[in-house]
Amino acid sequence: MANIFFGRGKREQLIVEVCSNGLRALKLSNDEESTIQSVFLSAWPYRLSKEEEDFTDQLAKSLKPLAVQFPPKQHSVIVCSTDHSNRQRFVQTAIIEDEDELEEMLLSKKMMPSEDDYISEIHVVGSSISEVKKSQDVLVQSVFRFPAQDTMDALEELGYELESLEYPTNSLAPYYEAYYDEGSESHDVILAMDWETCIYNVYHHGELRFSHCIPFKMSTFVETIIAKMELDENSAILLVQNNLFSYVIKNEPCPHDIPEDIVQEIRAEVEFLKHELDKCRSFYISRALEWKLEDVSKIICTGLLAEIPVLIEQIKESLSIPVTSYKPVEEMTLTEEVEAKLKGGLHYQFNCVLGLALAYQGE
């Protein structure tokens, strides 16, 4: 099933991202430099009740100022949900060109989650690399209907024209284009981390060949610190972003006394992340490439991960391959107004919506 298109009009495009800690939106101008024209951020507390009624109440409050800044009659909307429910499944099937037939087969084989609980997209990656059978590689991307469907319904009720529901995986292709050399044979990874998602994408010949959502959530550390250290939410977020991993990994100075049980928990999570990265690499080499490659070429870290150099260094030492970071906002031309809104460490929060905006602008 392709993206859920509701219709394309002549309105200006708006990218709206909903996640567990807020609502973000941006619009790009149509000039060649891709200037960020407008941004919007409405933050929510991590301890906001997970009940759907509480979410919709908070969403309604956030959408009021959004509608003032971006009038519904002037904008069409692409929605992306980056909450923790994002998941992906890589499968190989017989070559099935009919999209409906492929979806029916995936549902019947339970390779695709229930439509009652999830909204899913099927992406045919391409023909499988196999010398003995004809098959195709398929990526199934899914997200819980709540909050994605509630967000789309609320935007439509306000009068926005809905274009599609997107997935964070699809936001990373424009970032890879900054590194891809035409004709390169490399197999490169974009590793994007947000507060709720951690996405591992492999590209070859400039095209997505494999993707996986790693269950590593930075928001978990925020919640742990709030509960065990009794810090306020803003202090907990700053600690995770700025000092936590440096203290835990390298024992560097920290403005807070971190209990030993939290230190051990963080170390265990870092080991888990490294283990999951190794599993992704091994799966790609063995399953997608059938051992026709010894290793991926490099990993490009973006999003929140790019703000934590000590964690990137741990990944580099663990995997023994080139690892670098990329901050897309630093490559953009910003107006003074937009720069003022994004300064203070907020720019990485727009990693997903910026990538999607660039992708749609490219279309």
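This is a predicted model: local features need pLDDT of at least 70, side-chain atom pairs count only at pLDDT 80 or more; totals for chains, interfaces and linings use all residues.
1. Residues are numbered from 1 along each chain as its sequence is written, and side-chain values use heavy atoms, with hydrogens and water left out.

2. Helix α2 covers residues 99-108, and its buried residues are Leu-102, Glu-103, Met-105 and Leu-106 (buried is under 20% relative accessible area, exposed over 50%, partly exposed in between, with a 1.4 Å probe and protein chains only). Down the axis of α2, the buried residues fall within an arc of 165 degrees, so they line one face of the helix (the arc is that of the directions from the helix axis to the C-beta atoms). Helices here are DSSP runs of H or I with at least four residues, strands are runs of E with at least two, and both are numbered from the N terminus.

3. What do the buried residues of α2 pack against? They sit against β5 (87-93), β6 (118-127) and β7 (136-144), with contact meaning heavy atoms within 4.5 Å. On the face turned away from the buried side, α2 carries the exposed residues Asp-100, Glu-104 and Ser-108. Just after the helix, Lys-110 has a positive phi of about 60 degrees.

4. Arg-209 deserves a look too: this residue of strand β11 (residues 207-213) is buried, with a relative accessible area of 16%. Its contacts, not counting residues up to four places away in sequence, include Asp-137, Tyr-203, Tyr-284 and Gly-126. Arg-209 and Gly-126 are 83 residues apart in sequence but 7.7 Å apart in space, C-alpha to C-alpha.

5. The largest nonpolar core has 51 residues, and Leu-191, Tyr-200, Met-218, Leu-244 and Phe-245 touch the most other members. Such a core is a set of buried Ala, Val, Leu, Ile, Met, Phe, Trp, Tyr and Cys residues joined through side-chain atoms within 4.5 Å. Helix α8 gives the most to this core, with 9 residues. A second, separate core of 33 residues includes Leu-26, Ile-78, Val-353 and Tyr-360.

6. Finally, Ile-299 in strand β12 is buried, with a relative accessible area of 1%. Not counting residues up to four places away in sequence, Ile-299 touches partners including Val-189, Leu-191, Ile-315 and Leu-319.
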